[in-house]
Amino acid sequence: MVDIAEKRKQMEDFWERYEKHIKKCDVNSYLIMDGVSLEKMDVYFDQHRIPKILFVFKESNESDAKDRKCKSIYQEDGWFGSYKNSRRDKRGITKMIKWYQCVLDIAERCRNQKELDEIDIKKYQVDPETIYKFAFINMSKRGQGKKKSEDKRIVEIIEQDKELLREEIKILDPDVIVIGGKNVSRQFEDKVISGMNKKSIHIAHFSAPVGYNDKKYNASGETFIEQCRKAFTDVKIEV
């Protein structure tokens with residue numbers, strides 16, 4: 001049984017140290033938190049709802065300088081709280097929810113040995129409360145007013161932050177990690193999750209349709225479906 005109070009304390013301590021680390025690396029950056037909702041951690045760690053899915057993005061692309069004090073994109077006073085009011089944030093959350101439902105659908109099909117050749121991300125319904133059922137992290141948690149990710153910079157940040165990123169994943173303890181970013185996802189796996197005994201799936205980009213994420217475009221050398229079959233072969237499914 002997961003001790004939710006202890007997990008919450010671990011995350012709070014983690015963010016305090018991460019903020020100091022970011023300021024030490026770049027005084028002009030500010031922390032943008034991720035992970036899971038501290039208020040509703042029990043939903044993510046629900047023992048009756050597995051597998052736990054973690055999505056990995058490159059960065060938030062936050063470009064609003066007045067939002068420098070953003071506590072978290074997951075807390076009610078942060079990004080999730082703006083879901084109803086921000087068209088940009090709503091699009092981002094909608095994509096995450098649809099990918100989560102898609103991955104669980106594929107996992108269920110793998111368990112029941114059903115065909116996986118008709119996957120359309122657009123068909124999945126969006127329930128805002130689903131956001132609490134999975135976790136996501138950014139490779140870079142530095143708010144720098146960047147509207148577009150620069151792969152070289154992201155790789156440098158992965159190297160600088162790899163120990164803290166590993167610690168965050170240990171706290172979240174996912175069963176499967178879905179990594180986005182065609183040009184940086186392999187570096188993230190090699191530098192951060194290698195040796196952690198975690199199943200991973202690489203996709204080209206979270207904005208791309210599932211059919212686009214074949215072996216020509218992602219860093220794994222395998223199609224999205226092939227990766228899912230491997231990842232969910234021995235993962236128990238209860239949703």
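Trainee: In what order do the strands of the open sheet stand, and in which sense do they pair?

Mentor: Residues are numbered from 1 along each chain as its sequence is written, and side-chain values use heavy atoms, with hydrogens and water left out. This is a predicted model, in which local features need pLDDT of at least 70 and side-chain atom pairs count only at pLDDT 80 or more, while totals for chains, interfaces and linings use all residues. The mean pLDDT (the predictor's confidence in each residue, from 0 to 100) is 77 for the protein, and 73% of its residues reach 70 or more. Helices (H or I, at least four residues) and strands (E, at least two) are DSSP runs, numbered from the N terminus. Confidence is highest in helix α4 (residues 151–172), at a mean of 94, and lowest in helix α3 (residues 87–111), at 76. Over residues 63–87, pLDDT stays under 50.

The open sheet has four strands in the order β3-β2-β5-β6, with parallel pairing. Two strands count as paired if DSSP finds at least two bridges between them. β3 and β6 are the edge strands, each with a single partner strand, so one side of each has no neighbour in the sheet. From one strand to the next, the twist averages 20°; angles run from 0 to 180 degrees between N-to-C directions, along axes fitted to C-alpha atoms, for helices over the stretch in contact.

Going along that order, β2 and β3 run parallel and are joined by four bridges; N138 in β3 is the bridge partner of F57. β2 also pairs with β5 in the parallel sense, over four bridges, where I53 has V176 as its partner. β5 and β6 (residues 199–203) run parallel with five bridges, and S200 in β6 is the partner of I177. β5, α5 and β6 make a right-handed β-α-β unit; that is, with the strands pointing away from the viewer, the path from the first strand over the helix to the second runs clockwise.

β5 itself is mostly covered, with five of its five residues buried (under 20% relative accessible area; exposed is over 50% and partly exposed lies in between, with a 1.4 Å probe and protein chains only). V176, V178 and G180 on one side are buried, as are I177 and I179 on the other. V178 counts as buried because its relative accessibility is 0%. V178 and L54 are 124 residues apart in sequence, yet their C-alpha atoms are 6.2 Å apart in space. Beyond four places in sequence, the contacts (heavy atoms within 4.5 Å) of V178 include L54, V56, V103 and I201.

α4 lies across β2, β3 and β5 and runs at about 175° to β3. α5 packs on the sheet, touching β2, β3, β5 and β6, with its direction at about 140° to that of β5. I169 is in contact with L54, I137, I177 and F188, among others beyond four places in sequence.
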